[in-house]
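Here are a few notes for you to go through with the model open.

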Amino acid sequence: MQEYADAVRRHVCSVCIDGEFSPDGEFVRCGLPSGRSCPVESYLPEVVEIVERIESPWMEDYVSELRRTVCSHCAQTPEGVCELRIKAECSLDTYFMLVAEAVEEVRDRRRSANFIHSH
Ligand code: SF4
Ligand code: SF4
């Protein structure tokens, strides 16, 4: 997971509204108050699994799988409503496309490494 976490840091934390940045704009650390965990981090294994399993040109296919497998066990009501999502306070929802890009970057890197090793 470390490789994925590093890619998330580059793709997501670097633009996250909850990040803390140095004066020259470098990401320093997550600025969430203690006691609040980031769903991008908490659900990273699940998100990796979704992005690697689903092959679709439509983002909605990934999002509906996220709702089904992650949100249903998180803050979402049985009716499919999430207050944090409505208030745009869920980083996983806000930056889902960037999280998916980070996962795909690692997957593509691994695939080309496997290709090189097998030829
Ligand atoms: S809230 Fe999540 S995505 Fe944002 S900086 Fe913190 S760890 Fe990164
Ligand atoms: S959108 Fe809501 S239910 Fe889904 S991961 Fe974010 S906080 Fe959890």
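**Notes on the predicted model**

1. Ser56 sits in the loop between α3 (44-53) and α4 (59-69); helices here are DSSP runs of H or I with at least four residues, numbered from the N terminus. Ser56 counts as buried, because its relative accessibility is 17% (buried is under 20% relative accessible area, exposed over 50%, partly exposed in between, with a 1.4 Å probe and protein chains only). A polar atom of the Ser56 side chain also lies 3.0 Å from the backbone nitrogen of Trp58.

2. Before going further, some housekeeping. This is a predicted model, with local features needing pLDDT of at least 70 and side-chain atom pairs pLDDT 80 or more, while totals for chains, interfaces and linings use all residues; side-chain values use heavy atoms, with hydrogens and water left out. Residues are numbered from 1 along each chain as its sequence is written, with chains lettered from A and ligands numbered from 1 in the order in which they are written.

3. Salt bridges next: the whole structure has 11, each being a side-chain nitrogen of Lys or Arg within 4 Å of a carboxyl oxygen of Asp or Glu. Take Glu3 and Arg110, whose closest N and O atoms are 3.1 Å apart. Glu3 is in helix α1 (residues 2-11) and Arg110 in helix α7 (residues 96-117), so this pair ties together parts 107 residues apart in sequence. Glu3 is partly exposed at 30%, and Arg110 is partly exposed at 38%.

4. Arg111 and Glu55 also meet through their side chains in a salt bridge, at 3.7 Å from N to O. Arg111 belongs to helix α7 and Glu55 to the loop between α3 and α4, so parts 56 residues apart in sequence are tied together. Glu55 counts as exposed at 57%, whereas Arg111 is partly exposed at 46%.

5. Have a look at Arg67 and Asp93 too, a salt bridge at 2.7 Å, N to O. This pair links distant parts of the chain, 26 residues apart, with Arg67 in helix α4 and Asp93 in helix α6 (residues 91-94). Asp93 is partly exposed, at 26%. Separately, salt bridges with shared partners join Glu3, Arg10, Glu105, Arg109 and Arg110 into one network.

6. Finally, which residues are around ligand 1? They are Val12, Cys13, Cys16, Asp18, Gly19, Phe27, Cys30, Leu32, Cys38 and Glu41, taking a heavy atom within 4 Å as the cut-off.

Key. Helix = DSSP H or I, 4+ residues; strand = E, 2+ residues; numbered from the N terminus. Polar contact = N/O pair within 3.5 Å; in protein donor to acceptor, adjacent residues only side chain to side chain.
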